[in-house]
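This briefing is intended for reading alongside the sequence and the three-dimensional model. The points below are grouped by topic.

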Amino acid sequence: MTGSAANPLSILIIGGGPDGWLTALAAHQAVAGLPGASVRIVHEEGPVCAPALSAPPDLRMLHGRLGLNDGDILARTGGAARLGRLFSGWRGDGQPDFIQPHGAIGANWGPLHFHQQVAAHGPGTDDYANYALAAQAIKQARFAPPSPNPRDFLSTLDFGFHLDCAAYTALLRDTARQRGIEACPGRVTAIETDETGLAGVTLDKSRYLKADLYIDATGPEMKLAAAINAACEDWSDDTPFLFEATRLETPRSPLTPATRIIADPAGWHMAIALPDATVTRRFTATADDGDTARLTPGRLRTPWSGNCLAIGGAACRPDPLADADLPLLARTLLRLPGLLPTGPDMRAEADVHNRAFTRESDAARDFSALVLGSQTRSEPVWRACRDAAPSDRLAHATALFKARGRLATREHDIYRPGDWVTAWLGLGVKPRRHDPLADRLDPAVASARLTQIRTLAEQTAAAMPDHQAALSRLKAGVPPA
Amino acid sequence: MSDNKVDHILIIGGGTAGWMCAAALSHRLPTGRVRIELVESEAIGTVGVGESTIPHIRHFNASLGIDEADFMARTHATYKLAIEFRDWGRIGDSYMHPFGAFGVPGAAVDFHHDWLRSGGETALGPIDDYSLPIAMARGQRFARPASDPRDLASTYAYAFQFDAAAYARYLRDFAEARGVIRTEGRVTDVQVDGETGHVRNVSLESGQRIEADLFIDCSGFRGLITEQALATGYEDWSHWLPCDRAIALPSAATGELPPYTRATALEAGWAWRIPLQHRVGNGHVYASAFMDDERAETLLRDQLEGEALAEPNRLRFLAGKRKRQWNRNCVAIGLSSGFLEPLESTSIHLIQSAIGHLLDLFPTGEWDPAEADEFNRVMDQEYARIRDFLILHYKATQRDDTEFWRHCREMDIPDSLAGKIEHFRERGLIADYEHGVFLKPSWQAVFLGQHITPQRLDPRAVNAAAGIRPLAAELTRIATAMPGHAEVLSAHARAAAD
């Protein structure tokens, strides 16, 4: 039996981007303690990802699990903190920008979500996100790591990252090497299959590698998965903005600790602010300059098939608006230790993963559909976005939110409730009325509590160091103030 | 708020479901603005088979501010830590489904992998030996769980076994003290608005007519409003759960006070034994296609440990659920919403869950269909998950001594359950639900207790019999140091009497 000492488990990862290296670290940690088990990664040289990554706090959760230090990562890779996303230009009626902050937004009262309290006892739902410390910090371009002390308001903060992809990849690669993970540079030139799935891969026409479990981290190319299992769902009809162009711009000051998501007449772009440059990824409906790549949104029907697990962009390519690549990867990797194979038959492991992954990626698809379907721009290409029929699940969730601001329960969601609420409210989808539960709060008490939270958020943010200064301090090895 | 408020609620039926609704609604809705009325008839008996509960009931009681000692004294309640299943996988078997985890808290690998890798029952004894609530149940001990999650004494929860009729009376006092108006009478007519399809009012035998904005149908199996007036329809699950009758028969207390319920599989169904302070609740759930009523009664009487205290109470039902639990302005709660046999003591839980979701989604008065859709979606999921867990007990059997058990072994099961069984049989995997009553330890107990053994184990599981074995003795030691169940109950009775 594979997995026993006599025939130890071997895992082979193909793909050298952050996805591949994070997977190598996760797999190595999962098999620690299995006698003789091995994890090997084959990485191709050359560009493996966009110049910059914008990652929500899910990546931080994964770092924590893998024993990676966030301050260290920011300092060593020249990265920046991300406290949320800042949306501009999504409202045709000239309504202002809106923020989707990380960390807590106020505090729920039993099943009564915080935005209901703001609607019933505060200044109205437009103000909802402003109760989050992250939103105030974004406005003031400030950053400090969250406090571990739950009595400190700073403990309500959470953050993600803006990362220089090459530097981050190098850091992950160095960490993998320090941990003794075998890494071989090379290109897969041939893939051999048999009735159970993959039988082996040839590197550079010379070296032949075999493993029990193959992990495809080759992104949209799906090198391994395509050899055995190419049944894909194509999501290209979900959005007209399928052409991507990436640009480097000079850094902006102050350094915004948020990813800006900006819509314009012909498409949209995200701006990822790093201390040394701002990277923009622009998405349009036509390839207007030479340097564009075409997106291939969609997913594999069974990302784990036979002895091959596809992860990251090989498993699913959600619309970049969904902000879902790293959350999907993080969940896959957190699940992996409990699903280690024990032999050639991995159907049970695969089925458990595939069921969960389907629900998680459904959430991603619904989220981008929500944004594209609810924006109110007037250009024909944007108007056409609103004609797409939402999934039943999204239609129900939206109807319930409109009826009373309530969130439909959803299993395997990759978003926090506040992410859905800020998107709806920010795009002008408003509940017709607040939840009657909110009327059970004493108005004076509730309103005083709202003022208190708002004040705490503003004051705590004002006391945080400037984002740029905080990063410089981290780089210099000075502990946070 | 808009003008079309929901400020008059009529609850039809005053059994456990009706009075639980009345108590919770009167406690949680703004008093003075909402009028809550309950119609019940002394002439119509209540079913009250739900005498055994699961730990969630404590949240319900706590949300009403009910004092545990007082409630237990008034309902003759005992504590409950587990259910013992006898003769399910094979005749002669016995295993416990505990309200708590197996093994030590916080382990990276689920305990059954380590237990099996280390030799399983042969080397380590039954997995039941590695659960604190089971050790407590066997030793008839009780204490409340510790609060530190690293402490072994924190690894369990508890529920109650009580007299459901006494519980309904207890909640009636609670609800009436909070302004709920009780009207004695039989409903003879229900008026439905031809345009909206909403129920407008009900008429009683006395001629009295009661209007309401929201009707809560707690009228039992027949579904006086939801079915008889609104023709909601019923989803029949009897092809998966063929038992369709029950006989209930209380017997005299035996002097023992086991803090657990017993479910013994018989020829074409199963018998419950629920020990209360003053008597023992017994019943036999069976499939009429496989057994006649007379034989069913004989088998039940054979199970009694004390003398019978009443005439047998006979019930008929059909496993399944109402197609829409919330239809128009009527929410069905209790047996009017569906029926799942009390094998895992879920009847009261389903009532509690429906009340909780109704309060969370309390209608705004605009009757937006999204509200009912969400309620129905959540309750459908709750029903389907309990259903699957119940079917598992019948499907995972090696019994072939009767036509009934041969039928159960061979029957088709829902895909959702087939997947779960396959994942466990293949690789010992139990995928966690994010929402659902029965979590990992429950599935572990039933899978292993009914001989579904994983063919492959987590490769991280270690063969460490010498390291695991002392845990059994440690759990027994912790349980033995706790006070006896009977002593704890007497202390409660003294406290309640003061």
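Leaving aside neighbours within four places in sequence, Lys80(B) is in contact with Ser52(B), Thr53(B), Tyr158(B), Ala159(B), Phe160(B), Gln161(B), Pro259(B), Tyr260(B) and Thr261(B). The model that shows these contacts is predicted. An unreviewed UniProt entry places the feature "active site" at Lys80(B).

**Annotated positions in chain B**

- Lys80(B) belongs to strand β3, which covers residues 78–80 of chain B.
- Because 29 other C-beta atoms lie within 10 Å, Lys80(B) is buried.
- The feature "binding site" comes from an unreviewed UniProt entry, which assigns it to Gly14(B), Gly15(B), Thr16(B), Ala17(B), Val187(B), Leu335(B) and Ile348(B).
- Thr16(B) is placed in helix α1 of chain B, residues 16–28, and Thr16(B) is buried, with 25 other C-beta atoms within 10 Å.
- Val187(B) lies in strand β8 of chain B, residues 187–192, and Val187(B) is buried, with 22 other C-beta atoms within 10 Å.
- Not counting residues up to four places away in sequence, Val187(B) touches Ile12(B), Val39(B), Val202(B), Leu204(B) and Leu224(B).

**Nonpolar core**

- The largest nonpolar core contains 289 residues, and those with the most contacts inside it are Ile11(A), Ile12(B), Cys21(B), Ala22(B), Leu171(B), Ile216(B) and Ile333(B).
- Helix α10(B) contributes the largest share of this core, 12 residues.
- Domain 1 and domain 2 of chain B both give residues to this core, so the core lies between them.
- Ile216(B) is in contact with Ile9(B), Ile11(B), Ile12(B), Cys21(B), Val331(B) and Ile333(B), when neighbours within four places in sequence are left aside.

**Domains of chain B**

- Chain B is divided into domain 1, made up of 8–51 + 163–234 + 321–383, and domain 2, which covers 245–316.
- The C-alpha centres of domain 1 and domain 2 of chain B are 29 Å apart.
- Contact between the two domains of chain B takes 8 residues from domain 1 and 12 residues from domain 2.
- On the side of domain 1 of chain B that touches domain 2 of chain B, there are 4 nonpolar, 1 polar and 3 charged residues.

**Contact between chains A and B**

- In the contact between the chains, 27 residues of chain A meet 27 residues of chain B.
- On the chain A side that touches chain B, α9 and α11 each supply at least two residues.
- By class, that side of chain A has 11 nonpolar, 7 polar and 9 charged residues.

**Helix α11 of chain A**

- Helix α11 of chain A has 13 residues, 392–404, which should span 18 Å at 1.5 Å a residue; the end C-alpha atoms are 18 Å apart, which agrees.
- The buried residues in α11(A) are Leu394(A), Ala397(A), Thr398(A), Leu400(A), Phe401(A), Ala403(A) and Arg404(A).
- An α-helix has 3.6 residues a turn, so residues three or four places apart point the same way.
- The buried residues of α11(A) pack against α9 (347–374) and α12 (417–426) of chain A, together with α10 (369–395) of chain B.

**Backbone geometry in loops**

- Most residues other than glycine have a negative phi, and most peptide bonds are trans.
- Ser253(A) and Pro254(A) are joined by a cis peptide bond, with omega about -5°.
- Pro254(A) lies in the loop between β14 (243–249) and β15 (259–264) of chain A.
- His412(A), a residue other than glycine, has a positive phi near 60°.
- The loop between α11 and α12 of chain A holds His412(A), and His412(A) counts as partly exposed, with 15 C-beta neighbours inside 10 Å.
- Asp87(B) is not a glycine, yet has a positive phi of about 65°.
- Asp87(B) is placed in the loop between β4 (82–86) and β5 (94–98) of chain B, and Asp87(B) counts as partly exposed, with 18 C-beta neighbours inside 10 Å.

Conventions: Residues numbered from 1 in each chain as written. Chains lettered and ligands numbered in written order. Predicted model: local features only at pLDDT ≥ 70, side-chain atom pairs only at ≥ 80, totals over all residues. Helix = DSSP H or I, 4+ residues; strand = E, 2+ residues; numbered from the N terminus. Expected span 1.5 Å × (residues − 1). Buried ≥ 20, exposed ≤ 12 C-beta atoms within 10 Å, placed from the backbone. Contact = placed C-beta atoms within 7 Å. Core = buried A, V, L, I, M, F, W, Y, C linked by C-beta atoms within 7 Å. Domains from an automatic or database assignment. Nonpolar A, V, L, I, M, F, W, Y, C, P; charged D, E, K, R; others polar. UniProt positions renumbered as here; feature names shortened; annotations may be inferred.
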